[in-house]
Amino acid sequence: VGVLAIAKTGATYLPLDPIYPKPRLGLIVDDAQPVLFLTQRSLLDKIPETKAELILMDDKNSYVDESVENLHLGNPQNAAYILYTSGSTGKPKGVQVKHNSTVNCVNSITKKMRVTSRDTLLAVTTVAFDVAEMDFFLPLLNGGKLVIANQETVHDIELLKRKMQSSGATLFLATPVTFK
């Protein structure tokens, strides 16, 4: 929901995986200087020291719930999201991916895979991995359905098989390691 809300405003999101070590999260936050955190209460201890505003998506007292007409999406050349490299060659670096690049990629994959509104995509990737954006936007921008598997399911082949069957998944994007 948070990713879609940020995309809808034309802003940039910075995915932070809560399984990352706190020093890595701190490095990313120090470098990117986010102005707002969308998170949930159970992850508060993972958030590095920051001056950013905090909104708890599972606490209605931390935000105003109001209906808004369609928003101006801003400049398609602006960054849609920033992913950080692993830092294997030194300090991790933020890589900006533009809104129009995301849309172009989704449109290309839509055509190649013939994605339609009848498709359901089972997402198994962390939000901080580059495939996640395809997971989110591919089905939704085509009127399809998105089902997000939790980490327990992703790491247990039997649970994953059951989730694939129960969700009616017709699409599944993953790395070769996941397929293996």
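Helix α3 gives the most to the lining of the second largest pocket, with four residues. The model is a predicted one, in which local features need pLDDT of at least 70, side-chain atom pairs count only at pLDDT 80 or more, and totals for chains, interfaces and linings use all residues. Residues are numbered from 1 along each chain as its sequence is written, and side-chain values use heavy atoms, with hydrogens and water left out.

Let me stay with the pocket. By pocket I mean an open set of points on a 1 Å grid over the protein atoms alone, where a 1.4 Å probe fits, with protein on both sides within 12 Å along at least five of seven lines; lining residues have an atom within 4 Å of a point. The volume is about 330 Å³, taken as the space filled by probe spheres set on the points. Of the 17 lining residues, Ala-7, Lys-8, His-99, Val-103 and Phe-137 lie nearest the centre. Helices α1, α3 (99-113) and α4 each supply at least two lining residues; helices here are DSSP runs of H or I, at least four residues, numbered from the N terminus.

Lys-8 belongs to α1. Its relative accessible area is 36%, so Lys-8 is partly exposed (between 20% and 50%, with a 1.4 Å probe and protein chains only).

I turn now to the helix packing. The axes of α1 (residues 2-9) and α4 (residues 131-140) come within 11 Å and cross at roughly 70°, which means that α1 is roughly perpendicular to α4 (65 to 115 degrees). Val-3, Leu-4 and Ala-7 of α1 and Phe-136, Phe-137 and Leu-140 of α4 make the contact, defined as heavy atoms within 4.5 Å.

Notes. Axes are lines fitted to C-alpha atoms, for helices over the stretch in contact, and angles run from 0 to 180 degrees between N-to-C directions. Angles under 35 degrees count as roughly parallel, over 145 as roughly antiparallel, 65 to 115 as roughly perpendicular and the rest as oblique.
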